[in-house]
Every structure is written in C-alpha cells, then in structure tokens.
Amino acid sequence: MTDPEDREQQAGITRRLLYYLNAPVADYCRLRGVLPAPGAVRIAIRAGDDENGRNFLYEVPNDTVTPYYIPGLLRTVLTGPQVYSSSEVSEVMGMTLIRLSPEEITPDPEPEQGRALTVVHALSGPGEDENPFLIGFLMHGEGLLRLYVQRPDRPGIIGADIHLTETPATALIASLPTLIREEQYQRPAPDDPHCDLLVNLTNW
C-alpha cells in the first residue's frame, strides 16, 4: 500500500471501527479485524454464535464512501438478504470474501451512540493531555449531546449542547472552541452542577 490517500482511508476506517471491538456491528455479528488490500479495505466479521458462526471478509473499494459510512454499510449488509454474483465471492484465509459495491447499498442510519462517538472522538484527539478541551459528555434528551469543555485561557467548565445529526457536524465541531466564547450563546447553568455556564448550539 503505497498511495497516501489509500493509507489515510485505511487508517480512518480502522479508527472508526475500533468501537465495534466491544459492541456488535449488528445482531450476532462482531468485528474481527480491518485488513488492507490493493485499492480497498477489508472488514472481518464473525457472524453467528461461537459454535455455529462463520467468518466473512467484506471488501470496500477505497474512495467509494467515507469512513463514517462504513458501519452503516455493514449493518445494511448484515441485517438484510443480499444477493452476490460468483465474481464477487471468493475465499481468503479461511473466510468468505465478499466484494461490496457501496454505490448500490443504502447505509443503515447511524444510531445515537455512534453519532455521539463521532463527536467525542473528534474533540478528544491526541496531544491534548496537558491542556484538554473536552473533559466530559452526557447524552440527554432526544438526540442531544452535552459536551463539557474547558477554555485554556479561562477557569471554569462550559456545557455545550449540540444536536446529534445524521451526518457528522464537522463545521460545528471545528468551530466549537470559538463558539463557546460568544456571549450570545451563553447562559447560566442552575440545573447542572457539572458546569459553570451553558452554551446552546442546538440551532447552529
């Protein structure tokens, strides 16, 4: 794997799927690994219980979908009947290899926990140990996520409320350090003892 974009795609999907080492991708389907392949990424899945389970490798061509859509793509494939041609199925390392065509598959919507994970991961990047920005979170209400953050230039904790959207709110996440400084969004937090101020970004 020599193409930098392929390596970036592979690494992005690997990071995105780490969560599923502890949680099923779909009912009775667990992640076993993420493997590099020429021009594609392969996701190893154990389907079924331990005694009667089978191992599958699902191949997704690079640059057909972003890493964010891979879990939904897998949920669609694993929970509904699928028909594959013989050219799309083979065997690798004792696993049934299935080559997917993502443009023909509608990804299953990301559940609330997965959307929250995307936001939390984006705000808790490496290299922030000495001066962390995100120090906590709470899923509350219908599709709401409260992020507990600290500004490096001011004491106190700010609770920032955002909506968990179907697609990653990348612009909001990137703008969060600036938005929490704007007084128009700030209000007291009398009902939440875990922060000093609340910032309402649910309509941003």
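Does C195 count as buried or exposed, and at what relative accessibility? I kept in mind that this is a predicted model, and I looked up C195, which comes out at 7% relative accessibility and therefore counts as buried, the cut-off being under 20%. I then looked up C29, which counts as buried because its relative accessibility is 6%. I also looked for disulfides, and the count comes to zero, since a pair of cysteine sulfur atoms would have to lie within 2.5 Å.

Next I turned to the sheet. I found an open sheet of five strands, in the order β1-β2-β3-β5-β4 and with mixed pairing. I noted that β1 (29-37) and β4 (89-92) stand at the edges, where each has a single partner strand, so one side of each is left without a neighbour in the sheet. From one strand to the next, I read an average twist of 30°.

I went on to one pair inside this order, and found that strand β2 (residues 40-47) and strand β3 (residues 54-61) run antiparallel and are joined by eight bridges. To have one example at residue level, I looked up A44, whose bridge partner in β3 is L57.

How values were computed
Residues are numbered from 1 along each chain as its sequence is written. This is a predicted model: local features need pLDDT of at least 70, side-chain atom pairs count only at pLDDT 80 or more; totals for chains, interfaces and linings use all residues. Side-chain values use heavy atoms; hydrogens and water are left out. Two strands pair if DSSP finds at least two bridges between them. Helices (H or I, at least four residues) and strands (E, at least two) are DSSP runs, numbered from the N terminus. Axes are lines fitted to C-alpha atoms, for helices over the stretch in contact, and angles run from 0 to 180 degrees between N-to-C directions. Buried means under 20% relative accessible area, exposed over 50%, partly exposed in between (1.4 Å probe, protein chains only).
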